[in-house]
Amino acid sequence: MQKQVYIYSLPSDAFYTTLERKLDNKKMKLHRIEDSERNNIKKLKQMLKCNKDILAKELENDTNVDGDEIKYVNWKINRIENLIERKQNRLSGIHKYKNQLKQVMSNRNKANRIKRLLERSNARVRVLNKMLSLFETTEIRKLNQSAIKESNKVSIFDSVLTRTLGIEENDLTDDVIVVNVYYIEILEDLIHSGFVNESGEKYIYFVSSASQIRNNKAMFIKESVWNKHKGSLMCGLSDEVINSKGGINQTKYQAYKSLSTTASVEWTDFNIDEVIVVDDLVTNVKDDVDYINRDTYKIDRIEDKELEFESTDGVGMILPDVAKGKNFQIRLPWIKGLLASYNFLEQAKTYGNTKVTDIWDREWDIEKDNIKIILTKSQMKMSNYYKSWEEYKQYFKDNNCQAAILNIEDDKEDIPDSRLNYQYLQSLVDVSDKELKELASDSIEEILKLGRDKDVMLDVMGAVEGNKNKNNFQKALYMYPELLRDPHAKETIKSKKDSLIKKAKAGKLKIKGKYTYIIPDLHDFTAWLFNGTREPLLGKDEVFCSLYDNGKVDIMRAPHLYREHGIKTNVVDNKRKEWFKTNAIYISNYSALSRLIQCDFDGDKVMVTQSSKFVEIAEQNMKNDDIVPLYYEMGKANPVKITGDNILKSLKKAYGENIGVISNQISKVWNTNDNLFILEWLTMKPLPTYIDSIIKVDNGRLVLNNGVSDDVIQKNIYKIENERVFKVNLRVLRYLCMENNFSIDFAKTGDKPTRPPKIDKEIKKYTKMKLPHLFFYAKDKAEDKVGAVNKSVVNRLQDIIPKKNIYFKKVVPDFDYRMLMSQPKVNLNKKITERYEELDKGKWKTIKELKGNEEIENGKKLNVYKFIRDELLKINDDPYRVADVLIKYLYNKKNSKYKTTLWESFGKEIVINLKRNLRKTKECAGCGTRIEKKNAKKYCDKCATKRKKASGRKTKAV
């Protein structure tokens with residue numbers, strides 16, 4: 001899935017009126033002055049403190065201080081205090097003026113109130129009164145043409161939307177535009193009235209995907225383009241049809257409508273007539289839960305609570321011969337989820353029945369009707385708006401709708417071992433230093449072998465078979481490992497080493513664990529569909545995953561906020577192998593695992609590991625605190641009509657939620673010193689003598705004895721091998737996890753609990769703290785924004801992960817840069833090389849301007865390299881010629897360490913050259929050096945000479 005197209009992503013100020021732009025410029029100017037004044041006040045306060053300290057010291061040390069000297073220092077102090085007062089008054093005025101400007105911009109419909117406010121303001125602001133009438137215009141907003149510039153171009157992957165609109169690979173289109181919302185008032189106008197470009201073409205609001213909502217963005221489409229393609233994108237539905245049937249939850253509607261924007265490839269041989277939709281399997285499961293009362297926050301353990309699970313939530317089935325034995329995700333209009341490769345036809349035949357009823361009560365014979373795909377109702381998001389499956393199919397055909405595939409399951413040998421993350425690790429508070437070193441051993445070995453082991457270097461560089469999305473430099477390294485000798489490769493490896501150390505200190509430890517799809521027991525589902533019986537192949541605590549042997553596994557899903565380690569027994573035998581034939585992990589329909597790890601089955605991937613030490617530690621931590629799933633009751637929102645006001649109301653709610661904040665607060669709790677030293681009383685009685693001497697019980701809680709340091713406690717705690725003395729404040733973690741899930745659903749439900757005051761106080765004791773120190777590594781937080789290093793499990797990695805300089809050994813033969821070229825004898829071209837240097841240096845400014853764009857943060861290729869390529873091809877339109885000139889310049893003349901721009905801009909041509917040149921060579925059987933491919937020749941000249949001499953010595957000896 002490498003195809004990309006280019007669109008514009010514009011700030012909301014691209015739609016300012018003339019007045020709004022003037023106001024915004026004033027506000028930004030005031031903002032700069034305000035920052036300057038704050039810094040001045042800070043410096044003055046430092047001077048004030050310094051002078052007061054000098055005076056106090058003089059008076060303390062010298063009783064005969066000269067009176068004039070004291071007067072002088074006091075004069076300086078008074079002068080500084082007056083300066084500070086004046087600066088603060090100015091700052092207050094600036095702040096007030098800024099707020100007035102903000103009110104002018106954000107209260108267009110409150111003109112009278114603003115006028116009264118401005119009348120009381122200083123003279124500079126009153127002139128704005130004369131311009132207020134402009135706010136009352138009903139004109140549609142116009143796109144400022146100056147915003148249509150290179151730095152506002154972003155790349156997006158090919159999708160149903162781009163293919164439907166006919167946008168070709170690497171083309172730039174203005175059919176759709178993304179708007180970055182800084183002012184909700186601008187968005188309000190755009191949603192209600194749209195906007196026009198310089199040519200007078202009108203744009204209307206299209207959609208905001210989940211990722212766009214997280215980043216305060218919205219997508220608009222040309223009205224003419226929408227009218228042409230809405231039938232295909234909506235599969236026959238319209239806002240009017242949906243409203244006539246009672247409307248819809250607006251946030252869900254945004255999510256369903258945006259399915260067409262998902263990166264995907266077209267399913268070219270898809271046949272809608274081979275598909276049906278059936279009801280989901282619902283299972284009642286009894287399990288222990290910690291029930292949180294959403295009103296009082298009281299937590300009660302409920303044993304054997306009956307929980308209702310939609311066992312097939314988000315998953316359907318496809319016959320293996322159609323799926324080629326692979327699981328993959330799908331996108332159709334209003335349909336999404338996972339298609340699991342499973343032979344439901346073969347199983348149905350064992351019951352002597354191949355008939356099944358769809359969700360509209362029509363009966364189908366899957367054999368006679370040639371049904372190859374069974375979708376579930378949970379996958380068809382808008383089923384209530386169609387009269388029948390036949391109606392949907394007819395709309396699908398009449399409107400030339402598309403089916404799309406994404407995230408096809410990898411072959412077993414191509415699934416790489418993954419890494420832990422800090423969330424998986426921080427919840428395991430009961431880990432000794434010895435155990436932590438063992439968990440980090442693979443990462444430590446990887447770091448130490450960099451520069452000395454070819455395979456490790458290629459793996460770290462991503463130049464391995466398992467990487468299906470290699471960039472051009474990785475492809476070249478994979479084909480031609482000699483490139484590791486290139487200064488650019490060495491510099492990249494050094495950077496990778498620093499990154500590996502940083503990741504390891506942030507908890508990203510290498511582990512024998514793999515990410516794979518999670519799927520319910522489909523044998524049980526199929527038995528229910530065709531035989532009306534329940535025939536599970538997996539018991540409550542059993543899973544099946546062919547990637548691992550029989551034994552215990554730990555199943556984890558990100559985000560991992562509570563302690564969510566699913567310890568299950570992997571059961572791999574012929575009975576289950578007969579039906580479960582993919583690389584996914586299959587779980588029991590009678591387990592509450594999906595509630596513990598908060599997953600569904602529409603394409604969620606989980607990390608599965610059978611690393612014995614990690615599983616042992618995770619299981620012990622789960623047992624220590626008797627962890628069970630959390631349970632709380634969440635509200636549901638009623639459907640509403642699709643209107644501009646309701647869309648805006650939904651987006652305002654969604655934009656206001658910051659899920660990452662609660663996630664970070666949870667990390668504060670996991671990594672607080674309290675978690676290690678002054679925590680809740682455990683059921684260990686009596687305490688060991690050496691522990692009893694440094695802590696005491698006070699009202700059911702453990703507290704420090706006076707005069708004993710944390711270090712002493714920590715030193716003694718590790719003497720305990722199989723017993724825990726301290727535990728984390730799980731109560732606060734439970735509260736925050738509940739609030740996080742309410743926050744995620746708030747845009748859909750409008751429902752959030754209110755903290756009781758006592759609970760709020762307890763939570764804020766933790767959330768007011770600084771972020772944990774590990775965020776210095778995990779999230780690039782500034783050192784003054786994170787707490788001190790403590791003994792929490794992830795922070796302890798700082799002392800375990802080595803930081804050593806890298807030394808390169810000759811692990812591959814020397815490389816010949818001419819292997820990368822089409823015409824090695826090419827002459828240098830000064831125009832090309834000088835323009836390249838100019839563009840290469842200037843790219844950082846463009847990249848800086850593009851920072852914060854969601855498309856870039858998601859790893860999508862920077863448009864800047866396409867721009868550089870296009871600029872160089874203006875000098876010479878032959879990309880192979882330009883590539884050759886740059887290779888000769890950078891590899892031979894300059895011997896540059898930095899060639900990223902070359903590989904990103906012309907890597908495609910270099911890889912083609914390399915493939916062609918490698919076909920003319922083979923490796924020397926002695927040293928591995930590349931030699932010309934000749935039938936009889938096996939050795940390079942050097943090795944051939946050595947062998948000849950060695951053979952001569954043997955002959956003489958005889």
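**Close-up views of a predicted model**

**View 1. Asn-284 sits across from Glu-308 of strand β11.** This view, like the others here, comes from a predicted model. The strand that partners β11 is β10, covering residues 282–292, and the two run in the antiparallel sense with 10 bridges between them.

**View 2. Lys-393 lies in helix α13, which spans residues 389–398.** Is Lys-393 buried or exposed? Its relative accessibility is 10%, and because the cut-off for buried is under 20%, Lys-393 counts as buried. Setting aside neighbours within four places in sequence, the residues in contact with Lys-393 are Ile-272, Asp-273 and Trp-364.

**View 3. The largest nonpolar core holds 153 residues.** Trp-267, Trp-334 and Tyr-392 have the most contacts inside this core. Helix α29 (residues 730–749) supplies the largest share of the core, with 9 residues. Zooming in on Trp-267, we find that it touches Ile-318, Phe-328, Ile-330, Leu-339, Ile-373, Ala-403, Ala-404 and Ile-405, with residues up to four places away in sequence not counted. There is also a second, separate core of 76 residues, and among its members are Val-431, Met-457, Val-812 and Ile-832.

**View 4. Helices α10 and α24 pack at an angle of about 90°.** Helix α10 takes in residues 250–257 and helix α24 residues 644–655, and their axes are 9 Å apart. Angles from 65 to 115 degrees count as roughly perpendicular, and α10 and α24 are therefore roughly perpendicular to each other. Which residues make the contact? From α10 come Gln-250, Thr-251 and Gln-254, while α24 brings Asn-646, Ile-647 and Ser-650.

**View 5. Stepping back, the protein chain has 37 helices and 29 strands.** The chain has 958 residues, and 51% of them count as buried. Its accessible surface comes to about 47,100 Å², with 45% belonging to carbon and sulfur atoms. Of the contacts between residues at least 6 apart in sequence, 77% join residues at least 24 apart.

Methods: Residues are numbered from 1 along each chain as its sequence is written. This is a predicted model: local features need pLDDT of at least 70, side-chain atom pairs count only at pLDDT 80 or more; totals for chains, interfaces and linings use all residues. Side-chain values use heavy atoms; hydrogens and water are left out. Two strands pair if DSSP finds at least two bridges between them. Helices (H or I, at least four residues) and strands (E, at least two) are DSSP runs, numbered from the N terminus. Buried means under 20% relative accessible area, exposed over 50%, partly exposed in between (1.4 Å probe, protein chains only). Contact means heavy atoms within 4.5 Å. Accessible areas come from the Shrake-Rupley method with a 1.4 Å probe; for residues, only the protein chains shown count as cover. A nonpolar core is a set of buried Ala, Val, Leu, Ile, Met, Phe, Trp, Tyr and Cys residues joined through side-chain atoms within 4.5 Å. Axes are lines fitted to C-alpha atoms, for helices over the stretch in contact, and angles run from 0 to 180 degrees between N-to-C directions. Angles under 35 degrees count as roughly parallel, over 145 as roughly antiparallel, 65 to 115 as roughly perpendicular and the rest as oblique.
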